[in-house]
Amino acid sequence: MTLRADAQRNLDALLGAAAECFAEQGVDASVDEIARRAGVGHGTVFRRFPTKDALLVAVLEVQMRELVILADDALHGDVGEGFERFMRQGADAYARNRALIDAVKRCEHTPSVGALVESVQRLVEHAQAAGALRQGLTADDVLSLLPTASVYPDVILDGLRPPRG
């Protein structure tokens, strides 16, 4: 179903404002603040998204798709370099968005989080097969390290490399 132009503008403004508020304030950002920034009424938010969690999921869907693209792109070329690039860019995404950590936990049942885990698992397996990543790690391990990698990227990446023989 295609939205009217004004309805699409309101939705785009709402999702943009929600992404900003969640990034700045975490998942506790208020719907009133989101509506104010989007230039829409409180009721408009709840007509489109019945709960704040539904709005959070909509914002998260966009961000998860971006991380999936990063993970998929990392499979091209040198997979070791690709893995490192994914870790650095993923860590940067976490650093810019305070809500991402809590949001993933709250929304782990969504298709976009599932797609992210699948993409990262493919990357992990390829990096392990290429000898660029320590054995025994899973996508969940890697994703759980992204927040720490936003502060200590080199330490985390060094710890993920296979031991030198």
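At what angle do the axes of α8 and α9 cross, and within what distance do they come? Before answering, I noted that this is a predicted model.

**Entry 1: the helix pair.** I remembered that two packed helices are described by the angle between their axes and the distance between the axes. For α8 and α9, the axes cross at roughly 150° and come within 8 Å. Angles over 145 degrees count as roughly antiparallel, so α8 is roughly antiparallel to α9. I also jotted down that their crossing is right-handed.

**Entry 2: who meets whom.** On the α8 side I found L145, T148 and A149, and they meet P153, I156 and L160 of α9. Sorted by class, this contact has 5 nonpolar residues, 1 polar one and no charged ones.

**Entry 3: the buried side of α9.** Helix α9 covers residues 153-160, and its buried residues are I156, L157 and L160. Looking down the axis of α9, I saw these buried residues fall within an arc of 95°, so they line one face of the helix. What covers the buried residues of α9 includes α8 (139-149) and α5 (79-96).

**Entry 4: a stop at Q63.** Is Q63 buried or exposed? Q63 sits in helix α4, residues 52-73. Its relative accessibility is 18%, and buried means under 20%, so Q63 counts as buried. Leaving out residues up to four places away in sequence, I listed A19, N97 and L100 as what Q63 touches.

How values were computed: Residues are numbered from 1 along each chain as its sequence is written. This is a predicted model: local features need pLDDT of at least 70, side-chain atom pairs count only at pLDDT 80 or more; totals for chains, interfaces and linings use all residues. Side-chain values use heavy atoms; hydrogens and water are left out. Buried means under 20% relative accessible area, exposed over 50%, partly exposed in between (1.4 Å probe, protein chains only). Helices (H or I, at least four residues) and strands (E, at least two) are DSSP runs, numbered from the N terminus. The arc is that of the directions from the helix axis to the C-beta atoms. Contact means heavy atoms within 4.5 Å. Axes are lines fitted to C-alpha atoms, for helices over the stretch in contact, and angles run from 0 to 180 degrees between N-to-C directions. Angles under 35 degrees count as roughly parallel, over 145 as roughly antiparallel, 65 to 115 as roughly perpendicular and the rest as oblique. A crossing is left-handed if the near helix is turned anticlockwise from the far one by less than a right angle, and right-handed if clockwise. Ala, Val, Leu, Ile, Met, Phe, Trp, Tyr, Cys and Pro count as nonpolar, Asp, Glu, Lys and Arg as charged, and the others, Gly among them, as polar.
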